[in-house]
Amino acid sequence: VLTRLRALQVFQRVAVWVALSRKQKELCLRMGIPEDRMHVVPHYFEPDERLAIPEPGQDVLFIGRLSKEKGLDVLLDAW
């Protein structure tokens, strides 16, 4: 499939490619996606340091879909 996609120049026809991590970007580059069209948009929450709790350990924050595979039950047990 990859050989056919390259032959049809599919990767060159897309304006922007988005990867969720640097590792995923590396894999896409090896497939032949042009680096100048590849962007990494991390799929995580980046906290604002100015809002940090002075005494951590009393609160917990979960950001994600409420489904079993997200492991919220493990987080709650650990907390």
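A nonpolar core is a set of buried Ala, Val, Leu, Ile, Met, Phe, Trp, Tyr and Cys residues joined through side-chain atoms within 4.5 Å, where buried means under 20% relative accessible area, exposed over 50% and partly exposed in between (1.4 Å probe, protein chains only). In this predicted model, the largest such core has five residues: Phe11, Ala19, Cys28, Ile33 and Met38. Here is a friendly tour of that core and its surroundings.

**How to read the model**
- Because this is a predicted model, local features need pLDDT of at least 70 and side-chain atom pairs count only at pLDDT 80 or more, while totals for chains, interfaces and linings use all residues. Residues are numbered from 1 along each chain as its sequence is written, and side-chain values use heavy atoms, with hydrogens and water left out.

**Fold and overall shape**
- You will find three helices and two strands in the protein chain; helices (H or I, at least four residues) and strands (E, at least two) are DSSP runs, numbered from the N terminus.
- Following the sequence, these elements come in the pattern α-β-α-β-α.
- The radius of gyration of the protein chain is 19 Å, whereas a compact globule of 79 residues would have one near 12 Å; the value is taken over C-alpha atoms, and the globule rule is 2.2 Å times the number of residues to the power 0.38.
- Along the principal axes, the C-alpha trace spans about 55 × 30 × 15 Å.

**Surface, contacts and charge**
- Of the 79 residues, 10% count as buried.
- The accessible surface comes to about 7200 Å², with 58% of it belonging to carbon and sulfur atoms; such areas come from the Shrake-Rupley method with a 1.4 Å probe, and for residues only the protein chains shown count as cover.
- Contact means heavy atoms within 4.5 Å; among contacts between residues at least 6 apart in sequence, 13% join residues at least 24 apart.
- The 12 positive and 11 negative charges have mean positions 17 Å apart. Lys and Arg count as positive and Asp and Glu as negative, with His and the chain ends not counted; each charge is placed at NZ of Lys, CZ of Arg, CG of Asp or CD of Glu.

**Around the core**
- In soluble globular proteins, nonpolar side chains tend to be buried together.
- Leaving aside neighbours within four places in sequence, Ile33 is in contact with Phe11, Trp17, Cys28 and Met38.

**Residues to look at**
- Gln9 lies in the loop between helix H1 (2-7) and strand E1 (17-19) and, at 48% relative accessibility, counts as partly exposed. Its phi is near 55°, a positive value in a residue other than glycine.
- Most residues other than glycine have a negative phi.
- Gln24, in helix H2, is partly exposed with a relative accessible area of 32%. Gln24 and Val40 are 16 residues apart in sequence, and their C-alpha atoms are 8.6 Å apart.
- Asp36 sits in the loop between helix H2 (22-31) and strand E2 (38-40), and it counts as exposed because its relative accessibility is 64%. The C-alpha atoms of Asp36 and Val16 are separated by 8.7 Å.
- Tyr44 belongs to the loop between E2 and helix H3 (72-78) and counts as exposed at 55% relative accessibility.
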